[in-house]
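Please open the model in your viewer and keep the selection tool at hand. The tour below moves from stop to stop, saying at each one what to select and what is there.

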Amino acid sequence: MIDKSLFQLKGFKGIMTFLTIMAILQGVMIIFQAKYLAITVTNLFNGEKLSLQLLPILLFVTFYLAKQIIILWREKQMHTYASHTGSMIRQKFTNKLFILGPTITEKEGTGHLVTMALEGVSQLETYLKLFLPKVMNMVIIPIMIFVYTLTLDVRSSIILLLVLPTLLIFMVILGIAAKKKADTQYESHQLLSNHFVDSLRGLETLRLLGLSKRYDRNIQKVSERYRKSTMGTLRFAFLSTFALDFFSSLSVAIVALFLGLGLIGEHMFLLPALTVLILAPEYFVPIREFGTDYHATLDGKNAFQAISDVINLPEKKQTNSTKLLCWNSESKIDVENLTFQHQDAHQPTLNNLSFSWKGYGKIGIIGASGSGKSTLINILGGFSEPNSSRIRINDIALNDFSETSWQEQLLYIPQHPYIFHNTVANNISFYTPDASKADIEKASERAGLSDVIATLPNGYEEQIGESGRILSGGQEQRIALARAFLDDKRKILLFDEPTAHLDIETEWELKSNMLPLLENRLVFFATHRLHWMMEMDQIIVLDHGEIVEIGTHEELVASKGHYHNLIQAQMHGTGERHEQ
């Protein structure tokens, strides 16, 4: 009933002990409030004066208020625990994303990961607040009421006991069906979130290409699929609630019937009969509450499983065994026989790559889609571990690029830089929080952001990102460039198709801002846009995971090999004129 992975949460055993004590105390309060309410009614029925019932009435009110205090205290403690656990899970989740790097984004989708980090964690908090208390109440309170009613009327206790398995069977059957529906709903939600975020990011480009209406229909189709799966889940939830209410009401009616017959036949007294009748509905309340909230917490359970799957993914731990000097004009990198193969792949993504470089310079990585450009960038960033390689930096041997002193020198600029829900200034200075306002403004100017920021109502204090002002793809890239311009200490730049999603005009405008950033640094620039290669000092040409050519632009054009063929194919495909 309780997911085993919940036991791995910090403080889970303690909170379950607390909930057990609270459930026992609540059960005691329910029994005693029923007892003294029955005593009051029985005494009044027997003709005693109301003034003589002050003590049982006071005790009834006391136990009733005590029950409410227990419930409020439990809810407060669960809210605190759920919030603390949610923050801890979100921190672990985001830390894991940073460790895994862009590979997990490519696999899961940006929209899905963002949804898990924000909405998914909120659903997990709701799951903890609602599910755990209801489970403990359902397990403990009915047993306490059954044992107490057994001392008052055996027949009524047996009726309650016989109805319970029927309710549980219906809960199990409908719960399994509802879970399948909820799983389908969660998959639809994942698809919708990825589709929506990707479409939103490329909306401006889609409009320029006249494809926005087509994507409107795609979003509508995915949304309709999500709506149908949601309604299917709700139907099972309503059916489950109806079944619980029907059988619990029927059982209470049967208990009342036999109690009435016992009173008529003078086989039992009014006080125990009335006490049992008051407790009978309370016997089913925890079960009904659990059944109702079970469906409300299914999304939280699915979200927790999805988040746990990401957190539990194997990772290549950073090493700090070697202290590499900061990259300078005399530094050297040598890579030999680098091979990488995904676990489920039948052949290597990268196969026996070898290259070297000394000092500052711009190294272009070019190739068709699927040639292994992004994989190579991920390995250079330490996000992925090669299956085999010989790596030497300044004649120091490394197993891979996850060395802390290497990664501390890196700046990584992907296709879609993440824009946080914060001000423009805080987004630019996110990795350098101690930067002054003058430094931020200077970095913005170098990245070509000044004119854009000048048009914003609040300037550098304008809220952007989620729930804020939406930026175009080119403006997002300028934010990423401003972050890089703001950090002059890191001398190694990794670019992974930074302009792939931009139109030609925006790319050429952005290029003039990017070129100064590449000076006096070691740059690895992966792209399929060939015009960038004329700016590179060395070009690595990849094809099906292998280096087929390596050299300068002029050397590769003159050799009329694979690089020359790429140029010819792009010229014929786009009609562009190429300058040699």
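Which residues point one way from strand 3, and which the other way? Select strand 3 (residues 361–366), and you will find G361, I363 and I365 pointing one way while K362, G364 and I366 point the other way, all of them buried. In a regular strand the side chains alternate between the two faces of the sheet. Buried here means under 20% relative accessible area, exposed means over 50%, and partly exposed lies in between, with a 1.4 Å probe and protein chains only.

Before going further, note that this is a predicted model, in which local features need pLDDT of at least 70 and side-chain atom pairs count only at pLDDT 80 or more, while totals for chains, interfaces and linings use all residues. Residues are numbered from 1 along each chain as its sequence is written, and side-chain values use heavy atoms, with hydrogens and water left out. Helices (H or I, at least four residues) and strands (E, at least two) are DSSP runs, numbered from the N terminus.

Strand 3 pairs with strand 10 in the parallel sense over 6 bridges, and G364 stands opposite F525 in strand 10. Strand 11 (residues 538–543) also runs parallel to strand 3, the two being joined by 4 bridges, and here I363 stands opposite Q538.

Next, turn to the charged side chains, where the structure holds 10 salt bridges, each defined as a side-chain nitrogen of Lys or Arg within 4 Å of a carboxyl oxygen of Asp or Glu. Select K358 and E330, whose side chains meet in a salt bridge at 3.7 Å, N to O. This pair links distant parts of the chain, 28 residues apart, with K358 in strand 2 (residues 350–358) and E330 in the loop between helix 9 (298–311) and strand 1 (332–340). E330 is exposed, with a relative accessible area of 56%.

Move on to R390 and E336, which form a salt bridge whose closest N and O atoms are 3.2 Å apart. R390 lies in strand 4 (residues 388–393) and E336 in strand 1, 54 residues apart. R390 is partly exposed at 48% relative accessibility, and E336 is also partly exposed, at 37%.

Then select R521 and D488, whose side chains meet in a salt bridge of 3.7 Å, N to O. R521 lies in the loop between helix 16 (504–514) and strand 10 (522–527), and D488 in the loop between helix 15 (473–486) and strand 9 (492–496), so the pair ties together parts that are 33 residues apart in sequence. R521 is buried, with a relative accessible area of 5%, whereas D488 is partly exposed at 44%. Select K362, E519 and D537 as well, which are joined into one network by salt bridges that share partners.

For the last stop, select helix 1 (residues 12–45), whose 34 residues should span 50 Å at 1.5 Å a residue, and whose end C-alpha atoms are 49 Å apart, which agrees; the expected span is 1.5 Å times one less than the number of residues.

Note on methods: Two strands pair if DSSP finds at least two bridges between them.
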